[in-house]
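Please look over the sequence and the model shown here, and then follow the explanation below, which goes from the whole chain to single residues.

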Amino acid sequence: SARILTTNPSQKGFLMAGHSKWANIQHRKGRQDEKRGKIWTRIIREITVAARQGGPDIKDNPRLRLAVDKAKAANMPADRIKYNIDKASGNLDGLSYEEIRYEGYGIAGAAIILDTMTDNRVRTVAEVRHAFSKYGGNLGTEGSVAFQFKHCGQFVFAPGTSEDKVMEVALEAGAEDVVTDDDGAIEVLTAPADYEAVKAALEAAGLNPEVAEVTMRPENTIDISGEDAERMQKLLDVLEDLDDVQAVYHNAALG
């Protein structure tokens with residue numbers, strides 16, 4: 001199982017065992033690349049809400065900074081980013097998005113969290129409920145699975161990255177934990193508020209993570225294989241493809 005390098009022993013409980021996180025991440029990135037248009041739509045929605053809530057100045061708006069980082073990572077052109085910030089702060093399109101989180105269960109009792117942004121909550125809940133029930137899951141109540149996840153900043157480095165260097169830079173910059181998985185991937189975890197400082201320190205040290213995000217990270221994972229894994233992947237794909245869904249988090253390790 002994973003070797004745990006931590007500055008805070010009380011947090012060891014939430015670190016997951018070393019199943020092949022790297023394989024799962026590569027799989028997820030591959031699927032995201034297939035859905036670039038969809039990803040841009042989500043990022044634009046996030047930029048819109050962030051700019052409306054916190055203003056158009058990136059320096060004073062951490063949420064907008066994160067959204068712009070995501071946009072750049074998805075290769076969105078700078079003028080498109082600027083246009084969407086300007087549009088949001090001028091409120092040109094008149095749409096107002098509401099953020100709603102849904103929680104539920106997938107195949108074999110796996111926990112799923114969906115973050116949505118919608119201009120019509122009745123439509124969204126109907127689509128979410130339909131997807132869960134049609135593909136073998138169950139929509140739960142608020143709080144039914146969220147306790148199984150930790151809201152945190154997460155950086156994942158490819159196997160072969162210098163563990164000592166990552167650990168030194170990350171912990172110095174305020175990271176909570178550094179974990180090396182069995183497959184050699186190195187994971188850095190931070191409090192959400194420390195994400196930007198740790199990201200800047202890692203980049204300044206020439207350490208470029210494959211994954212850098214503020215996420216809902218499962219405290220423990222459930223191994224699902226064979227037909228159940230295929231059914232779970234289908235459910236996740238259908239949920240991901242719903243227009244109002246911004247992010248899908250789950251605790252399934254698909255084998």
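The structure is a predicted model, and where pLDDT is low, the predicted coordinates should not be read in detail. Taken as a whole, the protein chain averages a pLDDT of 86, with 84% of the residues scoring at least 70.

The protein chain contains eight helices and eleven strands. Of its 255 residues, 44% count as buried, while the chain exposes about 12400 Å², of which carbon and sulfur atoms supply 49%. Among the contacts in the protein chain with a separation of 6 or more, 73% are made by residues 24 or more positions apart.

Four strands form an open sheet in the order S4-S2-S3-S10, and their pairing is antiparallel. Strand S4 and strand S10 (245-250) stand at the edges with a single partner strand each, so one side of each is left without a neighbour in the sheet. Strand S3 (residues 111-118) and S10 run antiparallel and are joined by five bridges; across this pair, Ile 113 stands opposite Tyr 249 in S10. Helix H5 packs on the sheet, where it touches strand S2 (98-105), S3 and S4, and the direction of H5 makes about 20° with that of S2.

Helix H5 spans residues 121-134 and includes Thr 124. Is Thr 124 buried or exposed? Thr 124 counts as buried because its relative accessibility is 1%, and the cut-off for a buried residue is under 20%. Leaving aside neighbours within four places in sequence, Thr 124 is in contact with Tyr 102, Thr 116, Thr 118 and Asp 244.

A second residue, Glu 142, lies in the loop between strand S4 (138-139) and strand S5 (149-157). With a relative accessible area of 79%, Glu 142 is exposed, since the term applies to residues over 50%. How far apart in space are Glu 142 and Arg 101, C-alpha to C-alpha? The two residues are 41 residues apart in sequence, and the distance between their C-alpha atoms is 8.0 Å.

Note on methods: Residues numbered from 1 in each chain as written. Predicted model: local features only at pLDDT ≥ 70, side-chain atom pairs only at ≥ 80, totals over all residues. Heavy atoms only, no water. pLDDT = per-residue confidence, 0-100. Helix = DSSP H or I, 4+ residues; strand = E, 2+ residues; numbered from the N terminus. Buried < 20%, exposed > 50% of the residue type's maximum accessible area, 1.4 Å probe, protein only. Contact = heavy atoms within 4.5 Å. Areas by Shrake-Rupley, 256 points an atom, 1.4 Å probe, with all protein chains shown as cover. Pairing = 2+ DSSP bridges. Axes fitted to C-alpha atoms, helices over the stretch in contact; angles between N-to-C directions.
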